[in-house]
Structures are given as C-alpha cells and as structure tokens.
Amino acid sequence: MRSDFPLFPEQASTVAPYVDALYLFLVGITGLVSLLIWIAVFYFAIKYRRRPENELAEEIEPPQMLEIAWTVIPAIIFVGIFVAGAWVYFHINRVPDDALDIYATGRQWMWKFQHPSGQREINTLHVPVNRPIRITMASEDVIHSLWFPVFRVKADVLPNRYRTMWFEATKTGRFHIFCAEYCGTQHSGMIGWVEVMEPTAYQRWLAGGAEGSLASQGEKLFQKYACHTCHTNEATGRGPILAGLYGKQIQLTNNSRVLADDNYLRESILNPQAKIAAGFQPIMPTFQGQVNEEELIKLLAYIRSMPAAAPVVAPPTASAGPAATQNKGTVQ
Amino acid sequence: MTPSTLHDVRFIEPEKTRNYLNEDYGVFSWLLTKDHKRIGILYLLSVTLLFFVGGFFAFMLRLELLTPEGDLLTSDTYNKFFTLHGIVMIFFFLIPAIPAALGNFILPLMLGAKDLAFPKINLLSWYIYMTGAIFGIYVIVTGGVDTGWTFYTPFSTQYSNTHVFATTLGAFITGFSSILTGLNFIVTIHRMRAPGLTWFRLPLFVWSMYATSLVMLLATPVLAITLFLLMLERTLGVGIFDPALGGDPVLYQHLFWFYSHPAVYIMILPAMAVISECVAAFTRKKIFGYKFVAFASLAIAFLGFLVWAHHMFVAGISVYSAMIFSFLTMLVAVPSAIKVFNWTATMYRASVSWQTPMLYVMGFIGLFTIGGVTGLFLGAMGVDVHVHDSYFVVAHFHYIMVGGTVMGYLAGIHYWWPKITGRMYPEWWARLSALLIFVGFNLTFFPQFLVGYVGMPRRYHAYAPEFQVLNVLSTAGATVLAAGYILPMFYLFWSLWYGRKAGSNPWGAVGLEWATSSPPPKENFHVTPVVTWDAYDYPAFLKAMRETQNV
Amino acid sequence: MSERQGVEMQNAECKMQKEILHSASPDVAGPFLHFAFCICFSAAGAEMTAIEPTHEDHHAPHPFLQHHFEDLGQQHEASTLGMWMFLATEILFFGGVLCAYFVYRGMYHDAWKAGSHHQNWMIGTGNTAVLIGSSLTMALAVWAAQLGRRKLTVIMLTLTLILGSVFLGVKMYEYSEHIHEGLFPGKHFTFVEHNNPALTPGVQLYMTFYFALTGLHALHMVIGAGLLIWMIWRAWAGHFGPEYYGPVEVMGLYWHFVDIVWIFLFPLLYLV
C-alpha cells in the first residue's frame, strides 16, 4: 500500500528490517543528543543573555573529567554504531548458497535482465517472493548503480567487471528500480520496476516464450564461436577442459593460483593472454568486441552448467593442467 | 543593549585618518597590491560573485524539481546545471571563501604580523584563482559540462562530449591557488607571530586555519595529479582509468576522494575557526576546553586523510577495507563532537549577546550537529548501502557545507565587517536575514533527508510522483533561502556609506585584530604588539578596559 | 626625534613586559599585564598620531629585507620553511602518480617488465650521474654564496645549469627515440618487441606513466633552470653574502628535491 506522500519506504526484503532498525536507532540516539544540544544552546542563550549585571561573564575552569567524558562516551557510541553498521553490511554482502541467479547489464540508459531459463527483459525484473536472488551484473559503458529502495540494497555496476548483489523479497508487488550513479543525459530515465510474484505466478511467467535457457543459448554460442574446437571434453584438447571448472582454484603458468569465478572466465574470454592456466600455451585469440555483454552472460551460464563429473580428469583443483601437459604442449 | 557600555571605546588606538583603504587609489593599487587586506577584499568580491553564480544554478535546479516531470529544463541542461553548481560552489566558493577571503584579512592581524610571509605569492594565488575561475566562466558561457563535480571515469573521459577538459583544467589551476594559500598561512603562523604569542596563546581561529592549511597543502596536489591524469587520458586516449583499455575506474575514485574527502575539512575547519572566535566574543568567555578544541582541529585534519573510501562502500571495494574505512569514519566524528560540546558549554553562565554573528553561531551549532550526526548514518555501512547516492547524502553535505560553512562565513563577515570597512552593518536587517537563512535552509534541506530515505536518487532530472510533496517544500525553502542571501548584499553595501562608524573595537573583543584601528592601517600595527595574555582572556581584559575608561 | 625615542622606549617596555610574563604564571599576572598593555598601547597610539614612523626608521635596513619581516633571520627562516612546505606538496604530487603507477605495475607485471627492459638503462644511468653531479655543484654554490665568494658562486651555479641542460638534452633524445618507435601513447601506439599483442595495453599504460612521470620531472627541471638563470644574475650582481644567501639556499633545496625525485624514478622506470 503506497500513499501519495510516503515518509518511509516500504519494507520488502529480508534485510530491510535490519537496515530500518539501525536507521531508526540512529535517528533516536542522534536525535536525542541533537535535541539536548539545541535545548542547551537556547536555554543558555536566553538565561544568560547579556544584561548589565552579567556583562562580565563568569570565568569557569573547565573540569577535565567533563572533557574526557564527552570525548570517550561519544567514541564508544560511535564504535557501537560502527559495529551495528558492519553487521548489517555483512548481512547485505553474504549471498545465501541457494540463491537464484539473475544477470543484469547496465547500459546508457536501460537495465537489461536475463533469467537462467532464457527470458530477457528490459527495465522490468520479475522475481519470485521469498527466494534469495543473486544478481550478477556488469556495465557496457559507464558506471551505473542498481538500487532497489524497498529492498534497501544497492551496488555500483562497473564496466568490464562482474559484481554481485542479492536480496530476498518478502512482499509481492511492483517496486522501483533506480540507477543511483550518475551516468549521463538520461540518468533519471534509467529506471524500472521489479515485479515480485508468488512462486507459482513466477513459474507461469517463466514458461511464457523464451528461446531456451541461458545455458542452452550459451551452448549455441559456444558452437558459433568455435570454442568447442579447442575446449574439448578430452584432456588432449588445446584448451583446458571447461566442465567442472567453475568455482575451482586454477594453477597459472606463473605459479600463482586464481579462482575460476565469473570475473576470471570473463577476462579469459576477452583478454585470454592475461592469466594462462598452467600447462597451456597462450594461443587463444581475444573475443573483445565480438562477444557482447549479454552473450558473455550466456557463455558463462553454459560453462557454469557443464557437469563436473563427466571427464576423466580426476583432481578438480588441477583442472585440465597436469593431464594436458603430459599430452601435448600446444594447448590453450 | 546592542551598543554596550563597552562599545566604541577607543582605548587602544585612536581613530586614524589613514588606513589600508585610502592609502592608495586607483585600479592598479588594487590589482597589484601586496597588502593581505586588499587581497582579502579581492577574494571577498570574487568568491561572492561566484557564490551567486553557483546559487543561480541551484535555484534553477530547485525550480525544475518543483514538478516530477522534467519540464523546465531539458535533461541535458539540468545535468549541466547541477555539475556547474557543484564545481562553482566547491572549487570557487567553499574552498577559498573563508581561508582566502576572511583568513587572508584576519590571520596576520591576529598574529600581530605586518603581512603574510609571502605577500607576492599571496597576490599570485589570487591571480591563479581568477585564471581557474575564468576557465570556469568560459565553460559556463560556451555550453557547460555534464559530468558531475566528481568527474567519474569512464563517463568523463570517454562518454561525455562537453567541456570536460577546460573544466578540469580550471579546477587543476585553482588547486594551486589553494596550495599556495595554505603554504603562506603555515609559514606565517610558524614564523610571523608577534613576540609573546606562543602556540597556546593563539586564537582558535589560527589553530583551525593551521589545520586547514595542512590539508590544503597535502591533499590538493593529489587532486591536481588526478585531474592531470584525467586530462591526459581525455586528450591522448590512453586508458589510465578506462576499463576498455585496461585501466581501473575505481582507482580514479580512490585518488579523487583522497583529495575530495579532506577537501570537506578544507571547507568546514575554517567555519569552525570563525565560530570559535564568535562564541568567545559574544559570550565574553574563554572558550571552554581551549586545548581540546585546538587539538580537535588537528585531529580532524589528520583523520580526514584516512577516511576517503567511505564514499565507495557500494563502489566495489572489499568488505574488509570498507570496515576499516567505516571505523575510521566513526573516529573522525569524535573531534567534531568535542568541538560542538565545548562551544555549547562556553555559553554556560556567560554573557550571551544576541547580535547577528551570535545568531549565526547558534544556527551553525544547530545545523552542523544535524549535518554531523547524519554523517554517522552514512558511515554506518549497512545504512549507507541504502542511502548512498540518494537525496539523504545531498541533504547531509548541504547541512555541513551550507549549514556549516556558509553560516560560518556569514558569521565571520558580520563579525569582522566593522574591522574590514570601519562601519557597522544595520543590526536589525542582519538579524532578519539570519532568520530567513535559518528558516529557509531547514525548509530546503530537511525534506531531502526524508525523500532520500524513501528512495529518491540524487542527480535526477525527473522523479517519481510520490516524491513531489517533499520536493515542493524544498523548493519553497530555497526561495526563502535565496531572499536571505540577497538581503545582506543590499544592507552591507548600504552600510559602506551610511553605516555607523565602528571604532576600533565595537564588540569589546580581545584578539589582536581588535587592537588596531578600523579599518586597519596598511602596516596593520604601528608598533609590533607584545602579547602577554592567553587567548580569550575576557574577564581580565574587560576589567582592564574599564579601568582605562576611568583613568 | 624625541617622538622616535618615545617609540623605542615603548618597545623596550614591551620587551620587558614579555620577560616578566615569561617568568610569571599568566593566570596570576593576567589582569595586571592587560592593564599595563592597554596603557602602553594607548600611550603609544597617542604619540603615533603625531608621526607615522615606518620600520626603516629603526635601523639601517638591509636592501633585501622585505618590509614585513623584523629582520633577515626571520625572513630567511620563513623562506626556507616555505620551500620545505612546497616540497611537501610536491611529494604528494609525485606520490599520486606513483601510487597509480604501483597499482598498474601490480596488475600488468609482465607488460611493465617488457616496458622497462625496452628502456636504455645505460643512457639512464649516465643521466643519473649527470644529475647527481649537478646536485654537488648546487651544494657548492650554496656554500660559496654563504661565504660571499661571488665568482665561485656564479661558476658553480652556471655548472649546475649546464649539467641540468645536459640532462634535459639527453631526455629529449630519449623522447624522440620513443616517439620515433611509436611508443608515444595514443592512437598510433605500437609495441612490437615482444611480438605479443596481449602486452600492448599494459605497455601503453607503462609508457603513459613513463611520459607523465619523466615529463613532470623535466618540467620541474626546466623551471629550475629558469630560476638558476635568475640566481646567476643575482649572484653576478653581488646580492649574496654571509648575511643574505637565502635565495640560493632555497634554490638548492628545490634542486636537490628534483634530483631525489629522479633517484626514485630511475630505478622504477628503467631497472625493475
């Protein structure tokens, strides 16, 4: 229910009550202290206003204890506020494991959303209620910021890098989406609606016309860009086996290790020479400029969906590395 | 009540016929002056002019926001106006306002010095400032810039097709003026103090200015170099901050805020400086906890360098670095709180005058408190995620910069007006304008806290209809505020000719600036003063003054 | 004349007051001293209306003593402190770019290596030696100015100027080589040495920092050279001596600082 003149935003996510509680606590405590200060100022100003008998003010030696008290007590309160703020912040940043993945792409001046099942939408986002949603997002141009005021969450969307945010809606309805980071002429037009639906309604919505799931669309792209010619499912391939790769630690040629997450996979597609998996040659061409953000998301969805168990490579940490070295040097 | 029995007692020096204003005449006697007082006046005129330029943009923004639709200005114009409003107000008004205009005039007088340590560099600072300002004006006249005053990359380097280069060059140049002013102040405070004026006898104005100058000196070069790299990127097309070419836009934000957060303290510390002076003068008391207030200034300057990334809690920094910056942000609030408590305590059992500067002081304490405590909301990371880049932030920093700095600036202007011009301003008009400003300010900015928390993002040209009521209130307040700001222009100007003659010490204030005639002679003091008392030693001072009267 | 003596007496009185004060606790002595101060000032003020003494009346001033300083010592201290403060600003100025340099060095380690290997370290080392030499001659110039040895000061300053110019000349040569090779960042940037296109963006960033850092440094050198020419003229005109050599000393501080910046830049850009 929204009045025409709201003074407080609706609470529609699991974190919102925490944020609001902290906010109201802050309003209370700082309001009280401010009120005391104002009352003191006005009381003193009136009570001790200049009159002939008090033209010479009384000299008071400030008690040290008072100074120490109003240094230490605020410091303690402030640290308390910090702890509370940090606690809520951790909560906002800790993504639950069972979250539903949705991908967002920001560009001047629209929001594009992709669902794992393949639906794409612009400036509208359909999500089920009471289910954690993880949004993985990147920008095609400048920095944007995805803000759901009723969920009390916001994150900057950066070009050339994936970031994630999450929320779990607790109320069905239609709520604002805003771009919060100034991004150019139509910044104030980069807005949209999030539709929070009952799970059944969401399923119905999902069923309506998609061109196949994201992963299956990614598989098509995988064929289209001929990725499969090198990244085969056999250890003899010129590139690492991708099945089961996602979320694993990878050994690099310079002996460091890196987590095969969205950002690493993204970099490996757009700038393949940057971090080469151990045992492979830097022969992969760059796909910068060929693969756009939405296609990247599809490819990533496909890579994430590949089952880990299928190939023979037993130790997943080494991924394709050692096996490939034995076979042939010409790999990537 | 206003002209107290102490009023107009020329106990220290008789009125002089010659002063810094009538020493020489002609345009060149001003444009080539090395007198810190005249340079202060040059700054006063230029920052006032630019304040009204920035104010014009603000007013247009408020008018546009009267309705949810973008109907008065196009989105392009709106974006340019808020950018120019920010740039003009921050780089050309708030940063130089109190230090370069009032500080320039008052600081050497307070120290009992004949001038700043480097008068030529002082004049050079003004010319550098004007050069920067001319770039700013050029940009305004030729079509504006739409990046926001923060110049975030890659928008500013790759996407905006407005005058980003000329604007950043203007800000870059102006930075050097600020550096040189800071340098001049530091050397002056170290080396030009009158005999007997030890560090703990310095007025708190000087302590605060010293802290400000340190920040100017150590933070501004980082802004200069950041803008330099930005200009390099924009002209050459290299990718220092452009992710498409391998750069990191978040690094730009780190470098930018490394300056721009301390810059907040460049703006507020001088206002605190003025407030400390006025509280003492208009309560006739020693500042409560002098040393605490003095060291609080230095603590703010120091801690101010360590909190820059609290502007980036949602920008993609790690959770752990966010925690460190949040913690340090809480610490930087402590010295500000100490100051507010001490100012308030100074009024206890005092002799509180209700003259205009004191009204501004009370306004400052009230507004700065709100601005300060809402800073805690933003420092608490969990709340910041929600309110970051919303109108809550806009309201918060206007409470600090307008409620704080501009109130302090106006307090200072009224407090030192008799010293600067030798004339009194009309008290009742000034009180009226102070009242208008206080009411107008709160009406303008308090609704913005509410609308921000409800969810209105900043820098929006058109907004959702449910935000309208609060925006209308805000625009109504802006109208009152504008009237409050224009009024002093008239009565202060009027007072130059028709104001009552002030005499050397109309407030009965201590402080060396009141120990010379009004307006002061060119060399400030005829005899180098020797200081034998602590700052704000009012009881002793006033007793002594009475006795001289009886003699 | 008598008025002037009056003024001097006032000054003496003030000095006495100051001495008394330093021994007494200000809280106790405060009121009394305020009173004394006020009387002192009003009396002085009354006399002051009759005459308008300027500072020069007190004693024969040094020709280079600026009016707002009490004496040459204060002026010297102020200008030295001023230069130190300026150098503090400079440290943060270069520090800002170096900070960005280190961030990208971490991100593009291989490209950084390729870029710095491409530099001619022999020329760099030679230039470093030239610059250290110029610091030595600068130090000698300060020493000579302090002793009031006019000719030696001029010679040393001129040597510094020559060495500085040699450094800048060599830098120009290096720049022209880089530009000739297409290493100037921007649209026409090419880096073929490693035959590895993946390194190009990193190397371009490296070259951007190379030009930015050495360019800023060279700008400081050019400004320094201009100041040197002015100092040579002043030294020639015999302005400096044991009691007034501040400008040369301040110039020396600046010059040493610019050298030290290079001592940092050289290994960062050529060797690592």
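The structure is a predicted model. Chain B and chain A bury about 8100 Å² between them, and a salt bridge also joins B:Lys114 to C:Glu70. Over all chains the count comes to 23 salt bridges, whereas a search of the whole structure finds 0 disulfides.

**The interface of chain B and chain A**

- On the side of chain B, 98 residues are in contact with chain A, and on the side of chain A the number in contact is 83 residues.
- Of the roughly 8100 Å² that the two chains bury between them, 68% lies on carbon and sulfur atoms.
- Polar contacts between chain B and chain A amount to 27 residue pairs, counted where both residues are at pLDDT 80 or more.

**One residue of helix H10 of chain B**

- B:Ser326 is found in helix H10 of chain B, and with a relative accessibility of 0% this residue counts as buried.
- When neighbours within four places in sequence are left aside, B:Ser326 is in contact with B:Phe313, B:Gly379 and B:Met381 in chain B and with A:Phe82 in chain A.

**Salt bridges between chains**

- Across the interface of chain B and chain A there is 1 salt bridge, and it is formed by B:Asp248 and A:Arg161, whose closest N and O atoms are 3.2 Å apart.
- A:Arg161 lies in the loop between strand E7 (153-157) and strand E8 (163-168) of chain A, while B:Asp248 lies in the loop between helix H7 (204-236) and helix H8 (249-283) of chain B, so the pair joins two chains.
- B:Lys114 is buried with a relative accessible area of 13%, while C:Glu70 is partly exposed with a relative accessible area of 33%.

**Salt bridges within chain A**

- Salt bridges that share partners link A:Arg107, A:Lys112, A:Arg120, A:Glu140 and A:Glu294 into one network.
- A:Glu195 forms a salt bridge with A:Arg174, and the closest N and O atoms of this pair are 3.2 Å apart.
- A:Glu195 belongs to strand E10 (residues 192-197) and A:Arg174 to strand E9 (residues 173-179) of chain A, so the pair ties together parts that are 21 residues apart in sequence.
- Both partners count as partly exposed, A:Glu195 at 22% relative accessibility and A:Arg174 at 42%.

**Helix H5 of chain A**

- Helix H5 (residues 262-270) of chain A is largely enclosed by the rest of the structure, because 7 of its 9 residues are buried.
- The buried residues of this helix are A:Asp262, A:Tyr264, A:Leu265, A:Arg266, A:Ser268, A:Ile269 and A:Leu270.
- These buried residues pack against strand E5 (132-139), strand E11 (249-251), strand E12 (257-259) and helix H6 (293-305) of chain A.

- The search of the whole structure finds 0 disulfides over all chains, and A:Cys183 is accordingly in none, the nearest cysteine sulfur being that of A:Cys179 at 3.9 Å.
- A:Cys183 counts as buried at 0% relative accessibility.
- For A:Cys227 the closest cysteine sulfur belongs to A:Cys230 and is 8.8 Å away, which is too far for a bond.
- A:Cys227 also counts as buried, at 16% relative accessibility.

Conventions. Residues are numbered from 1 along each chain as its sequence is written. Chains are lettered from A and ligands numbered from 1 in the order in which they are written. This is a predicted model: local features need pLDDT of at least 70, side-chain atom pairs count only at pLDDT 80 or more; totals for chains, interfaces and linings use all residues. Side-chain values use heavy atoms; hydrogens and water are left out. A disulfide is a pair of cysteine sulfur atoms within 2.5 Å. Buried means under 20% relative accessible area, exposed over 50%, partly exposed in between (1.4 Å probe, protein chains only). Contact means heavy atoms within 4.5 Å. Buried area is the accessible area (1.4 Å probe) that two parts lose on being put together, summed over both. A salt bridge is a side-chain nitrogen of Lys or Arg within 4 Å of a carboxyl oxygen of Asp or Glu. A polar contact is a pair of N or O atoms within 3.5 Å; within protein, one must be able to donate a hydrogen and the other to accept it, and residues adjacent in sequence count only if both atoms are side-chain atoms. Helices (H or I, at least four residues) and strands (E, at least two) are DSSP runs, numbered from the N terminus.
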